[in-house]
Amino acid sequence: MPTTPPSITALPTPPDPNDRATFNSRAYPWSVAQQTLATEANAVAANVYANAQDAADQAALATTNGAAQVALAADQAALAADQVALAGAHAIAAALSSEAA
């Protein structure tokens with residue numbers, strides 16, 4: 001069963017090398033957040049892979065079930081053709097029987 005992917009935490013404001021006043025105060029939180037981002041991105045990738053595997057499994061199952069349904073429909077069509085032939089034979093027999101009488 002597919003599952004909702006985990007969320008990825010928004011990154012903090014990145015350090016701007018052109019803004020020397022805030023560069024240092026933003027650099028550390030940004031670098032620490034990269035570790036969290038990697039962990040969360042890996043979790044999302046694992047979730048996407050699991051959902052893709054599930055979709056592939058379901059597609060294979062649908063293909064198998066579809067093939068079985070096609071075979072069943074072919075069998076039913078053959079039976080229907082046999083019934084039509086039998087009904088035709090009965091109609092001819094009935095017509096010949098009524099003519100003979």
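**Reading a predicted helical chain**

Me: Asn 42 lies in helix α1. Why does Asn 42 count as exposed?

Reply: The model is a predicted one. The relative accessibility of Asn 42 is 54%, and the term exposed applies over 50%. Asn 42 therefore counts as exposed.

Me: Why does Asn 47 count as buried?

Reply: Asn 47 also has its place in helix α1, which covers residues 20-100. Its relative accessibility is 10%, whereas buried requires a value under 20%; Asn 47 therefore counts as buried.

Me: Which residues does Asn 47 touch, not counting those up to four places away in sequence?

Reply: With those left out, Asn 47 touches Thr 3, Thr 4, Pro 5 and Pro 6.

Me: Which residues of α1 are buried?

Reply: They are Ala 33, Glu 40, Val 44, Asn 47 and Asp 54. Across the protein chain, buried residues amount to 5% of the 101 residues.

Me: Why is Arg 20 described as exposed?

Reply: Arg 20 is found in helix α1. Its relative accessible area is 63%, and exposed means over 50%, so Arg 20 is exposed.

Me: How do you know that the charged end of Arg 20 sits over the ring of Phe 23?

Reply: The charged end of Arg 20 is 5.6 Å from the centre of that ring. The distance limit for a charge over a ring is within 6 Å, and the charge must also be within 35 degrees of the ring normal. The charged end of Arg 20 is recorded as sitting over the ring of Phe 23. A search for aromatic pairs, in contrast, finds 0 in the whole structure.

Me: Why does the span of α1 agree with expectation?

Reply: At 1.5 Å a residue, the 81 residues of α1 should span 120 Å. The end C-alpha atoms of α1 are 114 Å apart, which agrees.

Me: Where does α1 bend?

Reply: A bend of about 35° occurs in α1 at Arg 26. Pro 29, a proline, follows within four residues.

Me: How do you know what the radius of gyration of the protein chain says when set against a compact globule?

Reply: A compact globule of 101 residues would have a radius of gyration near 13 Å, but the protein chain has 35 Å. The C-alpha atoms fill a box of roughly 115 × 20 × 15 Å along the principal axes. The secondary structure comes to 1 helix and 0 strands.

Definitions and conventions
Residues are numbered from 1 along each chain as its sequence is written. This is a predicted model: local features need pLDDT of at least 70, side-chain atom pairs count only at pLDDT 80 or more; totals for chains, interfaces and linings use all residues. Side-chain values use heavy atoms; hydrogens and water are left out. Helices (H or I, at least four residues) and strands (E, at least two) are DSSP runs, numbered from the N terminus. Buried means under 20% relative accessible area, exposed over 50%, partly exposed in between (1.4 Å probe, protein chains only). Contact means heavy atoms within 4.5 Å. The expected span of a helix is 1.5 Å times one less than its number of residues. The bend at a residue is the angle between axes fitted to the seven residues ending there and the seven starting there. Rings of Phe, Tyr and Trp (its six-membered ring) pair if their centres lie within 6.5 Å; planes under 30 degrees apart count as stacked, over 60 as edge-to-face and the rest as tilted. The radius of gyration is taken over C-alpha atoms; the globule rule is 2.2 Å times the number of residues to the power 0.38.
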